[in-house]
Amino acid sequence: VVLAIGSGAAEFAFSAGGIGLSGVVYGLAGCLFVLARVDRRFRDAIDSRTLILFGVWFVLCVVLTLTDVWNIGNVAHGSGFVLGMGIGFVIAPGARVRRVAAAGALLVSIAAVIGGAALWRPQLNLSSHAAIDDAYRGWHALGEQRYELAARHLERAIALDPNDHGTWFNYGVALQHTPGSRGITSIEAWERAMVLEPSDPKVRAILEERGQLGIQRGENSN
């Protein structure tokens, strides 16, 4: 449970997030890496060749992700391994002080990644795809006429990726029914969408209908 929650929260906080068990697998490897060195009962639990394989695969996955060949949960891999090491130090026999300190560090780490995923994701996230989830949820909430919920999701999507014109357009739709928290109007949201994608016929039509297409003539450069 610790490895699943910790690695998944870290992946969501720092990257696009996803579903999988690789963070747990790396966590088990990290745990055995520690146990094999501090508990004689686990001396042969994991050998150097297996650890090298985990390391090579981690580097390969990072390269494949950076080259857009394959999107992989590299943050989940790395954080899972570190959390697994923490678990190993907690459960391995030894000095009580070391085990208590390891447990404290593990709890702080779990709290930090959960806080990062839930509260500080816009400030921490490094992925260019991080906004997709909230943008979709906002669009879906619009279809259900749950405008306040839609606005909240779309505002988070904008914080993660302020350059997606579709999100700004949907946010403008939501602002017709709820004030939102960014302090702007629906027209201002649509104008932002127009700046980002001038050829979008939906945005052009809605601004023309409201007589706000001066943005196309350079009257608004936001």
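Leaving aside its neighbours within four places in sequence, which residues is alanine 130 in contact with? I shall come to that residue after a brief view of the chain. Please note that this is a predicted model.

The protein chain contains 11 helices and 0 strands.

Let me turn to the overall dimensions. The C-alpha trace spans about 75 × 35 × 30 Å along its principal axes. The radius of gyration of the protein chain is 23 Å, whereas a compact globule of 222 residues would have one near 17 Å. Of those 222 residues, 38% count as buried. Among contacts in the chain with a separation of 6 or more, 54% come from residues 24 or more positions apart.

As for the surface, the protein chain exposes about 12800 Å², and carbon and sulfur atoms supply 61% of that area. The chain has 19 positive and 19 negative charges, and their mean positions are 15 Å apart.

I return now to alanine 130. This residue lies in the loop between helix H6, residues 121-124, and helix H7, residues 132-143. Is alanine 130 buried or exposed? Alanine 130 counts as buried because its relative accessibility is 2%, and the cut-off for buried is under 20%.

To answer the opening question, alanine 130 is in contact with Ser15, Ala16, Arg121, Asn125 and Leu160, its neighbours within four places in sequence being left aside. Asparagine 170 is 40 residues from alanine 130 in sequence, and their C-alpha atoms are 17 Å apart in space.

Definitions and conventions
Residues are numbered from 1 along each chain as its sequence is written. This is a predicted model: local features need pLDDT of at least 70, side-chain atom pairs count only at pLDDT 80 or more; totals for chains, interfaces and linings use all residues. Side-chain values use heavy atoms; hydrogens and water are left out. Helices (H or I, at least four residues) and strands (E, at least two) are DSSP runs, numbered from the N terminus. The radius of gyration is taken over C-alpha atoms; the globule rule is 2.2 Å times the number of residues to the power 0.38. Buried means under 20% relative accessible area, exposed over 50%, partly exposed in between (1.4 Å probe, protein chains only). Contact means heavy atoms within 4.5 Å. Accessible areas come from the Shrake-Rupley method with a 1.4 Å probe; for residues, only the protein chains shown count as cover. Lys and Arg count as positive and Asp and Glu as negative; His and the chain ends are not counted. The place of a charge is taken as NZ of Lys, CZ of Arg, CG of Asp or CD of Glu.
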